[in-house]
Amino acid sequence: MSGRSESARAKLNLSLDVLGKRPDGYHELRMVIQSSGLSDDVYVELREDGSFLAETNRRYIPSGEKNEAVKAARAFFSAAGLSLGAYIRIEKRIPVCAGLGGGSADAAAVLRALNVLTGANFSAEQLRTLALTVGSDVPYCVTGGMMLAEGRGEILSPLPELPGGWIVICKPPFSVSTAELFGRIDKRRITAHPDTQGLCAALHAGDLRGVARRMFNVFEEALPRSGAEIGSIRGALLDGGALGAVMTGTGSAVFGVFDDRAAAAAAYESLSQSYRECFLVRAADALTL
């Protein structure tokens, strides 16, 4: 059967605020999120025998029911009332367990591919509703772009795209436990919050420096001692000329925003000497379904 390829783009949290814990056990969030040029390639093919398989170029990523892309395919067929399966091939470039939403981006890419392959023609809003059953970051990843995300991350309001600039992403050779960070946040009083309103205003004004100056992630205040290297990378990006630098999601990846390509390239080259997973990219616009 014919297949379809989709690009699954990493997300970057320009700001991340935790407003409290909800009765359903999730946390109320407020985030400004931007898609990046760092992406995985996702290929999807329908299977009439109803079987599911996800293959990747990373051996440690599960290929069966624990793979978020397989969960997305199953959810799609259930919603569409179809008795089909899917073969999924993912060429991973996005670091895993990094706060970059790679698994969520792959799942969203599967939803977009199946929407075309089956002719279901779900709207973006319908796909986002379906995506929330797969994971909290998946609704955003359906189209990406620059968004204000609230609730669990599923209440999305479009914002103007990042006004130019270059982005350097760097992941240290360790991950941070999302569950541990949320637990640490729950046990402490958050004293510093991002200026989300000011950041959104800077985006509307096309003010890259104003945006970068307001980038902030509350989880950086709750990092365990083992996460000190995250602060060191952020410092290196700022010393290298970044207008602003911040950890994305619950980490451990950090990114810096530059207005000068030469400075961004120099910072990328410098960090690449010590860290294998470094990337020099641009921001990416929202997808149109």
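H2 contributes the most residues to the lining of the second largest pocket, three. This is a predicted model, in which local features need pLDDT of at least 70, side-chain atom pairs count only at pLDDT 80 or more, and totals for chains, interfaces and linings use all residues. Residues are numbered from 1 along each chain as its sequence is written, and side-chain values use heavy atoms, with hydrogens and water left out.

**Second largest pocket.** Select Arg4, Glu6, Arg112, Asn115, Val116, Asn121, Phe122, Leu287, Thr288 and Leu289, which line this pocket. On a 1 Å grid over the protein atoms alone, a pocket is an open set of points with protein on both sides within 12 Å along at least five of seven lines, a cavity is a set where a 1.4 Å probe fits but cannot get out, and lining residues have an atom within 4 Å of a point. The elements giving two or more residues to the lining of the second largest pocket are S1 and H2; helices (H or I, at least four residues) and strands (E, at least two) are DSSP runs numbered from the N terminus. The space in this pocket is about 170 Å³, a volume being the space filled by probe spheres set on grid points joined across faces, edges and corners.

**Largest cavity.** Next, select Ser7, Ala8, Arg9, Ser35, Ala105, Arg112, Tyr140, Cys141, Thr143, Gly144 and Leu287, the lining of the largest cavity. About 70 Å³ of space lies there, and the structure has one cavity of 30 Å³ or more. Strand S1 (3-21) gives the most to this lining, three residues.

**Largest pocket.** Move to the largest pocket, with a volume of about 1,100 Å³. Of its 41 lining residues, Glu68, Gly101, Ser104, Asp137 and Thr178 are the closest to its centre. H2 supplies the largest share of the lining, four residues.

**Helix H9.** Finally, select residues 261-272, helix H9, whose 12 residues reach 16 Å from first C-alpha to last, close to the 16 Å expected at 1.5 Å a residue (1.5 Å times one less than the number of residues). Ala263, Ala264, Ala267 and Leu271 of H9 are buried (under 20% relative accessible area, 1.4 Å probe, protein chains only). Seen down the axis of H9, these buried residues fall within an arc of 100°, so they line one face of the helix; the arc is taken over the directions from the helix axis to the C-beta atoms. Show strand S7 (166-171), helix H8 (228-239), strand S10 (254-258) and strand S11 (277-281) as well: the buried residues of H9 pack against them, with contact meaning heavy atoms within 4.5 Å.

Definitions and conventions
Buried < 20%, exposed > 50% of the residue type's maximum accessible area, 1.4 Å probe, protein only.
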